Structure formats: C-alpha cells, structure tokens
Amino acid sequence: MELELCDRWGIPHSQFLGAGDGRWSQTDRAKALAFAAYQRAVCEQCGTRSAEWDDEQGGDRFAYVTTTVRCPGCELIAHEQDQVPEGPDGYGVRIGLVPRP
C-alpha cells in the first residue's frame, strides 16, 4: 500500500517514510521499478496475477473463489446508461455519480 501511495503522489518511498529529502535514492528507484513490474503482472480484469494460480510458482489453481457484490452506485450508473441513445447522439456520453446537495 505504501508504494501504491508513493506512485499516486509521485514521491520516493524514503520521503513517505519521513527519512528522505525528496530525492530518489537507488533504493527508492529499485522499489518503484519493482512496484511497476508488479502492477504490469496484475490482470486488469480480475486483479490477480498468473503466479497466484500456478503451482510451480507457489500458487494454487484454486486460490480464489468468486463472489457476487452489488454496488448501488454501479447499479444506478448501469440503469442510466440504458437511457443513452445509440449512435451519434450517444457518442461521448458518460454517466457518473456526484454527491446529492
């Protein structure tokens, strides 16, 4: 989680820990590169990595089970998306959520 925040904020890990002055040390760069490699290995669809499923890499073919979650926000967006017209009138239309005043 720490490296995820560092990536989002664009700061070296040492600065996040309160030990750095904002310059990227060799260790900070190695951590950032390792985190980037880890992120590239994560499936965009399901959020897992292939190694988690591979016995030869210490994983388990049955490492995960499915679950169904209903998000009221996603449900509302999907309902509104059904109202967007097909074709040119609907091009570029995105449905989002904003807090009620």
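Start by selecting S14, which is buried at a relative accessible area of 18%. Buried means under 20% relative accessible area, exposed over 50%, and partly exposed in between, using a 1.4 Å probe and protein chains only. This is a predicted model, in which local features need pLDDT of at least 70, side-chain atom pairs count only at pLDDT 80 or more, and totals for chains, interfaces and linings use all residues. Residues are numbered from 1 along each chain as its sequence is written, and side-chain values use heavy atoms, with hydrogens and water left out.

**Around S14**

S14 sits in helix α2, residues 13–16. Helices here are DSSP runs (H or I, at least four residues), numbered from the N terminus. Now show what S14 touches. Neighbours within four places in sequence aside, S14 is in contact with A19, G20, R23 and D28. Contact means heavy atoms within 4.5 Å. Zoom in on D28: its side chain and that of S14 are joined by a polar contact of 2.7 Å. Such a contact is a pair of N or O atoms within 3.5 Å; within protein, one must be able to donate a hydrogen and the other to accept it, and residues adjacent in sequence count only if both atoms are side-chain atoms.

**Salt bridges**

Stay with R23. Its salt-bridge partner is D21, with the closest N and O atoms 2.4 Å apart. A salt bridge is a side-chain nitrogen of Lys or Arg within 4 Å of a carboxyl oxygen of Asp or Glu. D21 and R23 are both exposed. How many salt bridges does this rule give? The count is three.

Next, select E4 and R8. Their side chains form a salt bridge at 3.6 Å, N to O. Both lie in helix α1 (residues 2–9), four residues and about one helical turn apart. E4 is partly exposed at 40% relative accessibility; R8 is exposed at 56%.

Then go to R70 and E75, whose side chains meet in a salt bridge of 3.4 Å, N to O. R70 is exposed at 67% relative accessibility, while E75 is partly exposed at 42%.

**Aromatic pairs**

Two aromatic pairs are counted. Rings of Phe, Tyr and Trp (its six-membered ring) pair if their centres lie within 6.5 Å; planes under 30 degrees apart are stacked, over 60 edge-to-face, the rest tilted. Select W9 and F16: their ring centres are 6.3 Å apart and their planes at 35°, so this pair is tilted. F16 is partly exposed, at 29% relative accessible area.

Finish at W53 and Y64. Their ring centres are 5.3 Å apart with planes at 40°, so this pair is tilted.

Technical notes:
Helix = DSSP H or I, 4+ residues; strand = E, 2+ residues; numbered from the N terminus.
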